[in-house]
Amino acid sequence: MAEVSGLRVLITGFGPFPGAPSNPTQPLVARLTRLRRPALADVELSSHIFPVTYRAVDQELPKLLAKLRPQALLMFGLAGRTAHVRIETRARNAVTMLWPDAAQTRVRKGSIGLGPDALTFGPHTAKLLRAACATGIDARPSRDAGAYLCNYLSWRAIESVNTDDQLQLAAFIHIPLLARGASLRKGAGRITLEELVDAGEAMLMEVVKQARQAELVGRISEA
């Protein structure tokens with residue numbers, strides 16, 4: 001049976017926010033979107049950088065999904081206090097009331113909305129973890145995406161997977177601050193951009209594989 005063609009993947013990151021004037025998700029997303037590989041020949045890669053505001057996520061995510069109609073959504077965010085890559089397995093129904101977003105907006109309640117305590121991304125997160133680890137990077141699963149914009153976007157993305165007929169899967173990856181200066185060589189402690197691009201490419205390839213399979217199953221069930 002022929003493979004499903006015309007796959008579309010949206011890769012996202014975040015802009016700067018208080019305490020992080022330079023967000024490493026931006027160069028990572030740019031590098032991944034420019035990848036040219038035989039396995040991506042029929043894959044349309046799009047990118048978007050979200051301002052670190054709740055309003056931006058609520059306004060821009062639905063517009064992106066309606067315009068680009070991706071089958072897969074691969075999201076990256078910064079976890080500045082973590083030294084390894086975190087593959088998020090779920091989003092919590094929680095939002096901080098302590099820290100404002102980049103627009104100085106504070107939420108007035110500690111939950112995102114009505115619903116369960118958490119929403120899970122799905123079993124594909126374990127496969128993304130294996131793909132990342134195979135590149136030699138320190139990657140680990142995470143059950144806590146925080147209570148800030150990364151968790152908020154994760155929640156909205158999982159909601160979209162559950163309600164959007166086009167979107168098959170979503171994944172959120174937390175990355176650490178990257179090596180600078182003398183620490184840019186591999187094995188110097190902090191993860192380098194090149195190491196992160198290698199891991200990001202491996203995870204992107206796995207996302208493409210899983211999205212192809214999900215779409216193929218969907219087409220078979222409709223036949």
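Predicted model: local features only at pLDDT ≥ 70, side-chain atom pairs only at ≥ 80, totals over all residues.
Local features require pLDDT of at least 70 and side-chain atom pairs pLDDT 80 or more, while totals for chains, interfaces and linings use all residues. Residues are numbered from 1 along each chain as its sequence is written, and side-chain values use heavy atoms, without hydrogens and water.

**Exercise 1.** Determine which residues have the most contacts inside the largest nonpolar core, and which element gives the largest share.

*Solution.* A nonpolar core is a set of buried Ala, Val, Leu, Ile, Met, Phe, Trp, Tyr and Cys residues joined through side-chain atoms within 4.5 Å; buried means under 20% relative accessible area (1.4 Å probe, protein chains only). The largest such core has 34 residues, and Val9, Phe76, Ile173 and Leu204 have the most contacts inside it. Elements giving two or more residues include strand S1 (7–14), strand S8 (169–175) and helix H5 (193–222), where helices (H or I, at least four residues) and strands (E, at least two) are DSSP runs numbered from the N terminus. The largest share, 8 residues, comes from H5. Apart from this core lies another of 27 residues, among them Val52 and Phe121.

**Exercise 2.** Classify the ring pair of phenylalanine 14 and phenylalanine 50.

*Solution.* Rings of Phe, Tyr and Trp (its six-membered ring) pair if their centres lie within 6.5 Å; planes under 30 degrees apart count as stacked, over 60 as edge-to-face and the rest as tilted. Here the centres are 6.0 Å apart and the planes stand at 45 degrees, so the pair is tilted. Phenylalanine 14 lies in strand S1 and phenylalanine 50 in strand S2, 36 residues apart. Phenylalanine 14 is buried at 2% relative accessible area, and phenylalanine 50 is buried at 1%.

Terms used:
Buried < 20%, exposed > 50% of the residue type's maximum accessible area, 1.4 Å probe, protein only.
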